Amino acid sequence: MVLLRRVIGDALRARRQGQHRTLRDVSSAANVSLGYLSEIERGQKEPSSELLAAICDALGARLSELLREVSDTVALAEQMPGVLVPVADEPASVAPAAVRKATNRGVRQVTSDGGVAVQVRQDSPLKATLRSTRVRPAERDVVCAA
């Protein structure tokens with residue numbers, strides 16, 4: 001089962017690390033304790049909307065962007081059998097076309113045309129770890145104005 005707080009934490013950590021910032025930098029800017037921010041990023045605590053807005057502000061991100069990323073991640077996870085709702089052994093042919101299963105230790109990857117790739121590791125029947133990444137458009141798709 002995917003926990004929303006874990007997906008939110010992963011998204012916050014990815015943004016922070018993408019900016020090469022430390023927990024200390026962001027916790028100071030958001031006026032939240034370093035330990036609490038760490039627990040949020042690890043999915044152990046669920047932030048209030050006010051705290052989430054403060055963390056997004058400290059990261060220079062819009063709350064709507066973060067929530068959209070989280071929503072995209074959860075939407076892709078919903079396409080994967082057994083991630084949000086446990087299912088009985090299901091033949092691979094029933095899985096959605098967007099799902100790619102890897103051979104190593106229950107790691108599966110889902111991609112969408114929306115620019116998000118999600119890697120899912122099924123830790124146990126009731127616990128899954130999601131890692132989402134933004135997929136940058138290929139250079140050939142970029143239109144340059146002269």
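Analyst: **Salt bridges up close**

Start with arginine 13, which makes a salt bridge to glutamate 41, with 3.6 Å between the closest N and O atoms (the criterion is a side-chain nitrogen of Lys or Arg within 4 Å of a carboxyl oxygen of Asp or Glu). Arginine 13 sits in helix H1 and glutamate 41 in helix H3 (residues 34-41), so this pair links parts that are 28 residues apart in sequence. Helices here are DSSP runs of H or I with at least four residues, strands are E runs of at least two, and both are numbered from the N terminus.

Before going on: this is a predicted model, where local features need pLDDT of at least 70, side-chain atom pairs count only at pLDDT 80 or more, and totals for chains, interfaces and linings use all residues. Residues are numbered from 1 along each chain as its sequence is written, and side-chain values use heavy atoms, leaving out hydrogens and water.

How covered are these two partners? Glutamate 41 is buried at 3% relative accessibility, and arginine 13 also counts as buried, at 19%. Buried means under 20% relative accessible area, exposed means over 50%, and partly exposed is in between, using a 1.4 Å probe and protein chains only.

Arginine 13 has another partner, aspartate 10, with the closest N and O atoms 3.7 Å apart. This pair stays inside helix H1 (residues 4-18), where the two residues are three apart, about one turn of the helix. Aspartate 10 is buried too, with a relative accessible area of 14%.

Glutamate 69 belongs to helix H5 (residues 63-78) and arginine 15 to helix H1, so here the tied parts are 54 residues apart in sequence. Glutamate 69 is buried at 7%, while arginine 15 is partly exposed at 23%. As for shared partners, Asp10, Arg13, Arg16 and Glu41 are joined into one network by their salt bridges.

Zooming out, the structure has five salt bridges. The protein chain has five helices and four strands, running α-α-α-α-α-β-β-β-β along the sequence. Of its 146 residues, 35% are buried. Counting contacts (heavy atoms within 4.5 Å) between residues at least 6 apart in sequence, 49% join residues at least 24 apart.
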